[in-house]
Amino acid sequence: MKTKKIFLIFSSVMLIIVTCGYFIIKDFTTTGFGKLDTKFGVMTKIEKYFNPVSLKGKSINEIRVELNKNTTRWSSKPIPFPNIKNMNINTDTNKVPVRIYTPENGNSNSFPIIIYSHGGSFISGNIDVYDNVCRKLSKNTKAIVVSVNYRLAPENPFPDGLNDVYNVLQWVNKNAKSINGDSSNICVAGDSAGGNLSAAVSQMARDKAGPHITSVVLIYPSTNIYKLKTKSWSNFGMNYNYTKENSQKFLSLYVPKLEDRKNKYASPLLSNNFKNLPDTLIITSEFDPLRDEGEAYGKKLSLDGVDVVYTNYKGVTHGFITMDKITNKADEALIEISVYLKNKFNKKQV
């Protein structure tokens, strides 16, 4: 009798715990716009509650530390990668630090090349923060990845960082053989602010009759920094990890004058010409303020005859590409990118 009573009490307690857990998880993952991935939603909400990111009253260096830490908070340890080299690329005005990842592939001395520009709202991020992303890209695509440590605002506002990426593209095109690369097989890629720079560089290369770009990969790119007025900015610009308030602050450091943000190299979506741009893969995330402008950029490319693949990853927010500890979507997206690029590189080689 006593054992039965204990069992009933235990069962009741467990039922209460399971029920509470169910409703807590449901609350953490259910939004007015859809459902977050379960583990992703729970972990990000818990982190936001117990360790909120606050940038008020902090210096630019303190903000960078906080943003960089937040970017890698849910990142796994870097995968083993045998051939990594740091170097500086000399330009007419400065030296641009890059990190070069060369894959293992027998005796090949003519690898395709990916020029990668990291995210960070134009004021943060670096090649260390995106090290694992670049390792995976190089390994999965069997391509060289040149990760660019471009200059950041506010010390170096627009177009300094953009010029760094374009200058690296020019250097890679001229010196591909020195890094065992193929100058006729170059992709430019980037996420968030780096997606903005990659889109702008592809337009700049076309406009200036610069190096040929085989393809472009844009991961939740910022394509219109003039006005943040899309539906996705309205829906997701407050309660997620990429807020409208912070973004406006960072953009004012990158391009201080509002009118200057209409420049097509600052806001690639505002260009009036999308013809003859490279084939492009655009990846967005469902709960991301930048989702709609990424999709809009793809539509404008398509209307002008550019081959575009567009994928919106459900259940995740901005920045998910570095969050492989809490969502499989991070590696799924990198695999999609790698398959896409291998197909483009192979077509170019045929």
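1. Pro154 sits in the loop between strand E6 (144-148) and helix H5 (160-175). Helices (H or I, at least four residues) and strands (E, at least two) are DSSP runs, numbered from the N terminus. The bond joining Ala153 and Pro154 is a cis peptide, with omega about 5°. Pro159 is found in the loop between E6 and H5 as well. The peptide bond from Phe158 to Pro159 is also cis, with omega near 10°.

2. A word on the basis. This is a predicted model, where local features need pLDDT of at least 70 and side-chain atom pairs count only at pLDDT 80 or more, while totals for chains, interfaces and linings use all residues. Residues are numbered from 1 along each chain as its sequence is written, and side-chain values use heavy atoms, with hydrogens and water left out.

3. Phe122 lies in the loop between strand E5 (111-117) and helix H4 (131-141). Phe122 has a positive phi of about 70°, although it is not a glycine. Phe122 is buried, at 3% relative accessible area. Buried means under 20% relative accessible area, exposed over 50%, and partly exposed in between (1.4 Å probe, protein chains only).

4. Asn276 is another non-glycine with positive phi, about 60°. Asn276 belongs to the loop between H8 and E9. Asn276 is exposed, with a relative accessible area of 70%.

5. Two cavities of 30 Å³ or more are present. A cavity is a set of points, on a 1 Å grid over the protein atoms alone, where a 1.4 Å probe fits but cannot get out; lining residues have an atom within 4 Å of a point. Points are joined across faces, edges and corners, and a volume is the space filled by probe spheres set on them.

6. The largest cavity holds about 70 Å³. Its lining includes Ser121, Phe122, Trp233, Tyr242 and Glu293. Helix H8 (residues 244-254) gives the largest share, three residues. By class, the lining has eight nonpolar, three polar and one charged residues. Here Ala, Val, Leu, Ile, Met, Phe, Trp, Tyr, Cys and Pro count as nonpolar, Asp, Glu, Lys and Arg as charged, and the others, Gly among them, as polar.

7. The second largest cavity has a volume of about 40 Å³. Among its lining residues are Phe122, Arg151, Asn156, Leu197 and Tyr254. The lining divides into five nonpolar, two polar and one charged.

8. Helix H6 (residues 193-207) is largely enclosed by the rest of the structure, because 14 of its 15 residues are buried. Just after H6, Ala209 takes a positive phi of about 50°.

9. Helix H9 (residues 291-303) should span 18 Å, and its end C-alpha atoms are 19 Å apart, which agrees. Buried residues in H9 include Asp292, Glu293 and Tyr297. The buried residues of H9 pack against H6, strand E8 (215-219), helix H7 (231-236), strand E9 (279-287) and strand E10 (308-317).

10. The largest nonpolar core has 59 residues; Ile113, Ile115, Val146, Val168, Leu169 and Tyr297 touch the most other members. Such a core is a set of buried Ala, Val, Leu, Ile, Met, Phe, Trp, Tyr and Cys residues joined through side-chain atoms within 4.5 Å. A second, separate core of 35 residues includes Ala189, Phe320, Leu334 and Leu341.

Conventions
On a 1 Å grid over the protein atoms alone, a cavity is a set of points where a 1.4 Å probe fits but cannot get out, and a pocket is an open set with protein on both sides within 12 Å along at least five of seven lines; lining residues have an atom within 4 Å of a point. The expected span of a helix is 1.5 Å times one less than its number of residues. Contact means heavy atoms within 4.5 Å.
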